[in-house]
Amino acid sequence: MPDSQHDGSAYNYAYLDEQTKRMIRRAILKAVAVPGYQVPFGGREMPLPYGWGTGGIQVTAAIIGRDDTLKVIDQGADDTTNAVSIRRFFARVAEVATTTRTAEATVIQTRHRVPETPLKDGQILVFQVPIPEPLRMLEPRETETRTLHALSEYGVMQVSLYESIARHGRIAKTYNYPVLVNGRYMMSPSPIPKFDNPKLDRNPALQLYGAGREKRIYAVPPYTPVKSLDFDDHPFEIERWSECCALCGSRESFLDEMIVDDAGKRLFVCSDTDYCRERRGEPVQ
Amino acid sequence: MTDIGPGLADPAHDSQRLFRAVLDAFSHPGRIVALPRAPAGVGPLSPAATAFVLTLVDRDTPLWLDPAFDVAAVRDFVHFHTGAPIAARQADALFAVVEPWREPLLDGFAIGSDAYPDRSATLVIEVPSLVDGTPRTARGPGIATHETIAVAGLPASFAGAWAANRALFPCGVDLVFTAGTALLALPRGIVMEG
Amino acid sequence: MYVAVKGGETAIEHSLELLADRRRGARDVPELSTRQIHEQLALAVDRVMTEGSCYDRELAALAIKQARGDLVEAIFLLRAYRTTLPRFGDSLPLDTRRMAAERRISSTFKDVPGGQVLGPTFDYSHRLLDFALMANGEHPAAPTAPVDAAPDLPRVGDILEREGMLEPPPSEGSPHRDITRTPLTLPASRPVRLQNLARGDEGFLLALAYSTQRGYGNNHPFVGEIRFGAVPVSFVPEELGFAIEIAEIDVTECDMVNQFAGSHDVPPQFTRGYGLAFGHAERKAMAMALVDRALRAQELSETATSPAQDEEFVLAHSDSVEASGFVQHLKLPHYVDFQSELVVVRLLRAEVEARRRQAAFDRAAE
């Protein structure tokens, strides 16, 4: 059976052997067919450590090809160390073109952010997920949470959010803010700030989520309703800054705070480096 | 032993392109997706069904063949190129290649469980055409507003069978309609009207 | 700045070069060969092969060298290599009765057929630093006993089993799941649990096993038998249709015998916990056997109240590669999430402050 393709190098194309890719591809199709449901898959050891994007890397490795253009971001930026490391990995094992421009990419692998530039039909956004189970911090047992999903019984999360309101007067959860996909499955959007949650709703791009250590894949198909949990008297709201980006002046983007001197002086800049560059009209470096 | 037809010329890259086409179809239910460089059809199978089998089936996935497709040419091809066991019982299959006029069309296949809805079968249904049938309106995940599906060759009972499958959600089977070198997917969550 | 806005790529290059430099150490000291590692640090190699799930002394030695002696890192390297290997099929189950045992002891009987064979062990050594080893002195070869003509060595358990005193091993036949290919689902079968424990971190299993001896999980264990030596590996190629021997590997096997009170229907008998590791790894095999037995609590209708009896807790946290990765991933930047927290904490603090001021104002107005 012709299985692995060596292309003259010591590794299979896109690192994984063909049988593993087929297994992941089957899991992805199931994930797309049942939006928000976490499909168990036979996650493999990758040459990067667990917790550093192995789920996203396996998903990307199973879908990527020579026709693709890959963008990798961490914290919204293309040049953070982990993003650089993963981009180099794919450039090396999948001979794939890479870009920092959101609009040019066919596949975008991300950790902790959704790009500010709206995505298009045909693009695929691959999320790196540390803990795929939205109920995990409320119920540590997989056997229990699996039953809760089967019964669509999500009261425990409502109670948790309500307790936050009772204590703080508002929902104090700021990232990894739980969502309901197409009215059925509660889903962890991965640790993106809740600022990004509205971008998940009816997004024209396909969203794939990979959790390597926990061995789960889930998906949100294009145009699928994704609702952030809230209450009638406490509607969902996102972070706001009184400042604007010090580089491009944006008031619409997620801002990172930088401490620029010993006196604690602050500067706010866009977390999405490509969006910020584009707004300033600067060429790609 | 029959002469076994060739599989994918360049397994790693051909299967990647074919998978992306299948993923495009699953992500956009009702969208007709032309398969890039589809292999020749084997025996009674269309090139699209053949491509689907070569892309996703292997020794971990029992395959069930409708009697019309359960011929030596297909069996030998599947065994040689994929190593997949041919399922004796429908319920054991993770994939199946079926004819549209078999009745009941969707019954007897694994639908998963409420705890594990992914443990379900995907049915490849070989149809005469993806465009010449009765138009029906589809709504659901992957579809912006609505999509018109006009797969030909489906029995009158299909609408009822699909509604029953949809009612099982999150359990149920997923369908892939194949004709020539194109395919169209109908995941279990899609609602069909008309 | 560890998140360089520009030049992250160059910084990574330099870090890798520095790592390679430090690995080599002082250049006036001869470089270690992998052969030296697998000959002279053989037990480190055994651990890396066991938890790396890959029997290859040369590659395990290379991993240890590359990892600068960090065994958890070496296990990770070997696992990541193993993932890329194609699968040709499954070998037949090992028959450890056919082991050419270099060591074999039982603590349940004074003498057993085949005898107690001490073999190479630290057990009777005095733990005194041997300064002679610093002088690179050559050690004379050990005397060896004549090779036993009858290679089959009956298991101590077999003898108890014939009497009905010990439960038989689980019957064969149920298709196994390879946990490196299929995801863990719970509740897990015993073969799945044993695979997980075999790959599990030795320190984690040792601590869990120890806890069962201190009352966290009632376990009254005896070492039925520990044996270490070479066993043949057989494989049935599809085109041949019969088994051929393809290799011989060293393994350590531990058959732990535990009291079992019996129940209304079942007379009291002894139950077993099982441990198996590549190479010579008795601590690992024993810890595995104790935890295996503890995890059978539910099956044997025992009350499961301790961590070592909690299948989900043990199986989800045993893997050093998973644990090491996730603990260390906290080193990655998290400043987006932290920024979200900052925004909300500032908001909440401002609200509390406003309420306090309003209350003070109201009091003053009264």
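Colleague: Which side chain of chain A meets Asp58(B) in a salt bridge?

Modeller: In this predicted model, the side chain of Asp58(B) takes part in a salt bridge at 3.3 Å, N to O. The partner of Asp58(B) is Arg26(A).

Colleague: Which element supplies the largest share of the side of chain A that touches chain B?

Modeller: Elements that each supply at least two residues of that side include β1 (39-40), α2 (54-63) and α4 (142-151) of chain A. The largest share is 10 residues. These 10 residues come from α1(A).

Colleague: What area is buried between chain A and chain B?

Modeller: The contact takes 40 residues from chain A and 45 residues from chain B. Carbon and sulfur atoms give 59% of the buried area. The area buried between the two chains, A and B, is about 3,600 Å².

Colleague: Is Glu167(C) buried or exposed?

Modeller: Glu167(C) sits in the loop between α6 (156-162) and α7 (190-199) of chain C. Its relative accessible area is 11%. Because the limit is under 20%, Glu167(C) counts as buried.

Colleague: Which residue has its backbone nitrogen reached by the side chain of Glu167(C)?

Modeller: Leaving aside neighbours within four places in sequence, Glu167(C) is in contact with residues including Glu161(C), Gln269(C) and Arg296(C). The side chain of Glu167(C) reaches a backbone nitrogen at 2.9 Å. That nitrogen belongs to Arg272(C).

Note on methods:
Residues numbered from 1 in each chain as written. Chains lettered and ligands numbered in written order. Predicted model: local features only at pLDDT ≥ 70, side-chain atom pairs only at ≥ 80, totals over all residues. Heavy atoms only, no water. Contact = heavy atoms within 4.5 Å. Buried area = accessible area lost by both parts, 1.4 Å probe. Salt bridge = Lys/Arg side-chain N within 4 Å of Asp/Glu carboxyl O. Helix = DSSP H or I, 4+ residues; strand = E, 2+ residues; numbered from the N terminus. Buried < 20%, exposed > 50% of the residue type's maximum accessible area, 1.4 Å probe, protein only. Polar contact = N/O pair within 3.5 Å; in protein donor to acceptor, adjacent residues only side chain to side chain.
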